[in-house]
Amino acid sequence: MLYKSVTESFNEFIIDRNDATCIRCKVCVRQCAYEVHAYEATADALTEDNTLCIGCRRCSALCPTGAITIRSNEEVFKRNESWSNAHIRNLYAQADTGGILLAAMGNPAKYPIYWDHMLLDASQVTNPSIDPLREPMELRTYLGKKPHSIEVVRDEQTGKPKLATKLTPQIKMEYPFIFSAMSYGALNLNAHKAMAMAAKELGTLYNTGEGGLHRDLYQYGSNVMVQVASGRFGVSEAYLNAGVAIEIKVGQGAKPGIGGHLPGEKVNDQISETRMIPAGADAISPAPHHDIYSIEDLRQLIFALKEATNYTKPVSVKIAAVHHVAAIASGVARAGADIITIDGFRGGTGAAPQVIRDNVGIPMELALAAVDARLRDEGIRNQVSIVVGGGVRSSGDAIKAIALGADAINMGTSTLLALGCTLCQRCYTGKCPWGITTNTPYLAKRLNPELGAERLVNLVHAWGHEMKEILGGMGLNALESLRGNRYKLRALGLTEKDMNILGVMPAGE
Amino acid sequence: MNYVIIGNSVAAVGAIRGIRSIDPQGNITVISRERHVAYGRPLISYLLGGLITEKRMAYLPEDFYEKNRVNLLLNAEVVGVDTGRQKVTITGGDVIAYDKLLVATGGDPFVPPIEGLAGKDRIFTFTTWDDAAKLKGIADDIEKVVVIGGGLIGLKAAEGLHLLDKKITIVELADRILSAAFDRPAGRVVAKKMKANGIDVITEDTVVRIEGDGAAITGVTLKSGDFIPCDTVIVAIGVRPAAGFLKGSGVEVNRGIVVDDMMETNVKGVFAAGDVAEAKDFFSGVKNPMPIWPDAYVQGDIAGVTMAGGSKGYPGGIAMNSIELFKVSTISMGITNPVEPKEYEILTYQDLENYQYRKIVLKDGLLAGAVLVGAVDRAGIFAGLIRDRVEVSSFKDQLLTPDFGFVNLPREIRSALFAPVGKVTGADEQARAVGH
Amino acid sequence: MKRIYMIEDVCIGCHLCEVACITEHSQSKNPVKAFLHEENRPISRCTVEEWDGGVVSFSTTCRHCDEPDCLRACISGAIQKNDSGVVRIDTEQCVGCWSCVMACPYGAVQRNLKKKKANKCDLCPDRTSPACVDACPNRALVYKEGSQK
């Protein structure tokens with residue numbers, strides 16, 4: 001195309017516009033964040049620049065007559081099993097620019113998905129299943145350190161049993177789901193409002209991510225987990241005490257070993273105020289915490305935070321699922337964490353080098369199984385709750401995670417999808433067409449927090465219903481009865497070694 | 001309670017609705033000297049021009065009088081009011097007692113004693129349905145018309161006759177037509193359009209003699225000495241409050257019937273509203289007649305509510321006219337030609353070529369008036385800004401833009417106007433969420 | 001009575017409310033036919049205003065006032081308020097004098113210059129909730145019980 005480089009001209013998507021049904025309302029022109037569509041007044045016609053299209057489908061969704069179809073460009077390079085179109089395109093782009101390729105959201109590459117190789121059990125004849133519509137069914141989840149043993153005494157006055165053991169702080173959640181840490185800055189305030197409102201409505205948690213907590217959201221404190229990351233953005237005494245839990249972010253599944261970078265253009269006044277950095281300044285999260293070089297250092301930070309909050313908040317440590325995750329988790333537990341959050345390699349990001357996102361880390365399923373097993377073996381599983389994230393796509397995946405040993409699930413990508421995301425993977429451009437990962441006022445208002453909150457509540461309700469059905473089918477009436485109960489899982493099409501790590505027997509056995 | 005309303009136009013209708021909003025029981029009697037049920041008086045030019053049929057003259061739904069249980073007396077002229085015994089006398093001597101009386105008789109056209117006027121057949125005024133009907137009845141015989149007066153009534157009469165292909169000359173004493181509502185440029189825009197339509201407009205002159213032998217008219221002679229041949233003359237100099245029947249009643253009549261903010265006259269229980277009344281001006285607070293249709297409705301409503309025991313105050317009248325002349329839309333409101341221009345700030349935009357003109361009159365940071373010619377869309381926003389006394393200094397430069405809207409206003413004002421009380425939550429129906 | 005309220009913060013300036021309004025008031029109520037094939041396409045009763053390239057946008061429409069200024073200004077009686085409070089224009093009766101345009105402080109009466117008729121929101125008598133509200137993809141228009149202001 002004229003004025004386009006050869007690389008740009010190998011566009012990925014094509015806009016199909018049906019002229020017979022296009023009513024020239026120009027919704028597509030107004031809604032495209034990438035200026036693909038244009039209206040030519042003289043010809044009274046809509047035109048498009050396919051090279052700019054990112055395939056977000058905003059235009060086709062809002063076109064009132066369905067006149068627009070986005071399809072992938074079937075024009076291909078010569079078939080090559082080794083060099084995929086994506087490889088070729090990426091290579092061209094790098095040859096053009098000389099830079100690192102940026103990517104967003106979770107690893108989309110074709111790696112095995114273990115969820116799809118595990119099946120759940122159900123009751124037949126020898127044990128009764130439970131109908132969740134008739135019987136009480138509990139998904140309630142408590143996060144926090146559990147004691148090795150408990151002592152129950154009789155209350156002298158009432159004559160009833162009473163817990164004598166003093167428990168460390170626990171977080172009560174009505175669903176085993178947390179809206180995952182996605183920073184204010186990467187996501188806009190509307191997205192954060194939606195998550196906070198939904199968490200409150202559901203009786204569960206929203207994790208602030210590393211960008212601090214906007215002052216308008218302090219009111220949701222009882223449903224907030226505040227995060228402290230290597231950049232320490234927005235961290236103050238008030239912030240640490242604002243929520244019901246604190247999370248130290250060490251790593252992120254999408255980019256283990258890599259820090260973060262919120263470009264200055266995204267740092268508007270409110271983000272600046274919340275993060276406590278100058279407006280327009282880049283917000284750089286270092287790759288490591290410069291005060292953590294060992295488990296002992298981590299312990300210091302954990303207890304510093306506990307001191308700061310007078311031991312009223314459980315502290316979580318979030319790590320990416322990497323090779324030695326089990327050993328690291330053991331160290332984290334021993335460092336005094338109350339919760340370990342493990343983020344698998346399919347976990348999302350607002351921006352990461354594509355080569356990292358697509359090649360570093362390990363699947364959450366394996367990491368979870370390994371960590372759970374290791375902590376059990378060491379007799380310290382009770383000392384921490386395990387929260388997992390990175391690739392949970394449905395209630396089926398979620399309940400398998402519970403059976404593998406998770407206490408709760410971080411919902412990241414699924415949260416964004418519920419808010420309208422279509423996984424176009426361009427969060428880093430700041431031009432999110434759905435108004436989620438953008439701070440441009442024109443785009444950010446596309447996310448109505450109320451509507452977003454409703455959709456998040458709906459999603460969690462739906463998953464909750466499904467999980468209850470599954471539990472009932474297995475004859476269980478509480479999620480607690482399934483935690484770490486791998487006997488309820490069977491593997492299909494996995495190797496002996498995979499099954500060993502997962503601790504799951506093959507189907508049929 | 002017996003309510004008697006004299007007159008049956010817009011003020012009376014406002015009053016009937018006003019009364020019924022408070023008192024569904026009382027007896028309402030409406031006395032009208034015309035033979036028609038309430039009709040859209042300003043429509044008479046449309047009727048004359050053949051733009052609408054008689055069927056569409058009716059101002060109210062057919063069941064209005066029945067639904068509001070109004071005893072309607074048509075063809076009945078009130079000849080006297082005895083405020084002491086609370087009775088009105090109508091032609092033929094019938095007497096009707098009232099507890100509350102509303103005078104809403106409007107105005108009578110004023111015909112000055114022009115030489116040669118007496119005895120001529122084709123001298124018309126133009127304020128009633130019957131006036132229009134009479135003109136229409138002889139329309140085939142009319143060729144050339146002189147309209148005396150370039151005000152609203154004169155121009156509307158001219159427009160109606162123009163639609164019937166008559167040759168028209170307008171004679172106006174002032175230096176421009178519609179001098180009450182328009183300033184010079186706006187008058188020029190309209191005059192230009194009228195000339196383009198073949199209508200002669202003569203300004204700063206007046207008819208001194210109507211020529212012709214016997215009942216027939218041959219033309220008129222102007223003060224300047226010019227002679228204009230014509231066969232029909234329409235006198236449209238102005239109207240006077242139709243309050244003659246109040247003589248001796250004790251009701252104070254100045255240039256109109258003097259009323260307070262509740263539309264009550266100096267005589268308790270007697271109210272007046274509409275063109276016949278002299279109520280306070282929105283800006284100055286000084287009482288003067290305001291022959292403005294929407295204002296008549298408002299006054300009628302206030303009178304009705306007050307008569308029925310309710311309470312509603314009058315914010316003051318704002319002159320306001322929407323006139324379309326020869327396909328040029330014009331809207332004017334408020335103070336358009338300040339007498340003391342120094343106290344006002346005036347912003348204008350004009351594009352005579354395309355018949356566009358916009359004038360904004362400001363005083364002390366508030367909008368005092370506006371004239372819009374051509375693009376008159378959303379003119380009411382200005383009316384709202386005037387009425388609500390909104391401080392406009394911060395966005396005054398934008399007042400001239402043709403697409404001026406609420407987006408130009410400070411957000412608080414907009415929110416006050418459009419946002420619901422409290423927070424909007426829990427919409428009843430699930431909205432379609434984007435893209436799903 | 002139920003009224004249409006706009007929520008400026010989440011109006012995305014897509015103008016679909018206007019598309020829906022035009023469609024609903026067309027002969028076929030089908031957008032493709034209404035825009036491409038029918039004569040005398042209606043004009044929208046709601047108006048989307050925009051500022052700063054759409055950073056500020058919202059859709060305004062008739063408030064169905066308790067004491068409608070348009071009704072009071074109407075010289076032909078074409079504007080009436082029905083028993084449920086809905087203010088409608090009888091287009092047969094309307095003479096296009098634009099008195100309502102002059103009077104409405106909400107700028108909510110439009111001029112249909114082609115037909116020379118005034119035009120305003122009728123709250124979609126054939127629908128359970130107005131077309132603009134149903135078409136809004138972001139719930140920036142809501143239809144609920146509330147006062148005029």
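Author: Before we start, a polar contact here is a pair of N or O atoms within 3.5 Å, where within protein one must be able to donate a hydrogen and the other to accept it, and residues adjacent in sequence count only if both atoms are side-chain atoms. This is a predicted model, in which local features need pLDDT of at least 70 and side-chain atom pairs count only at pLDDT 80 or more. Residues are numbered from 1 along each chain as its sequence is written, and side-chain values use heavy atoms, with hydrogens and water left out.

Reader: Okay, which side chain does the side chain of B:Arg176 make a polar contact with?

Author: That partner is the side chain of B:Asp175, at 3.0 Å, and the side chain of B:Arg176 also reaches the backbone oxygen of B:Phe182 at 3.0 Å.

Reader: And is B:Arg176 buried or exposed?

Author: B:Arg176 counts as buried because its relative accessibility is 13%, where buried means under 20% relative accessible area, exposed over 50% and partly exposed in between (1.4 Å probe, protein chains only).

Reader: Switching to chain A, how do helix 8 and helix 9 of chain A cross?

Author: The axes of helix 8 (residues 295-308) and helix 9 (residues 325-334) of chain A come within 9 Å and cross at roughly 40°; the axes are lines fitted to C-alpha atoms over the stretch in contact, with angles running from 0 to 180 degrees between N-to-C directions. Helices are DSSP runs (H or I, at least four residues), numbered from the N terminus.

Reader: Which residues of helix 8 of chain A make the contact?

Author: On helix 8 of chain A they are A:Ile295, A:Leu298 and A:Arg299, and they meet A:Ile328, A:Gly331, A:Val332 and A:Arg334 of helix 9 of chain A, contact meaning heavy atoms within 4.5 Å.

Notes: Chains are lettered from A and ligands numbered from 1 in the order in which they are written. Helices (H or I, at least four residues) and strands (E, at least two) are DSSP runs, numbered from the N terminus.
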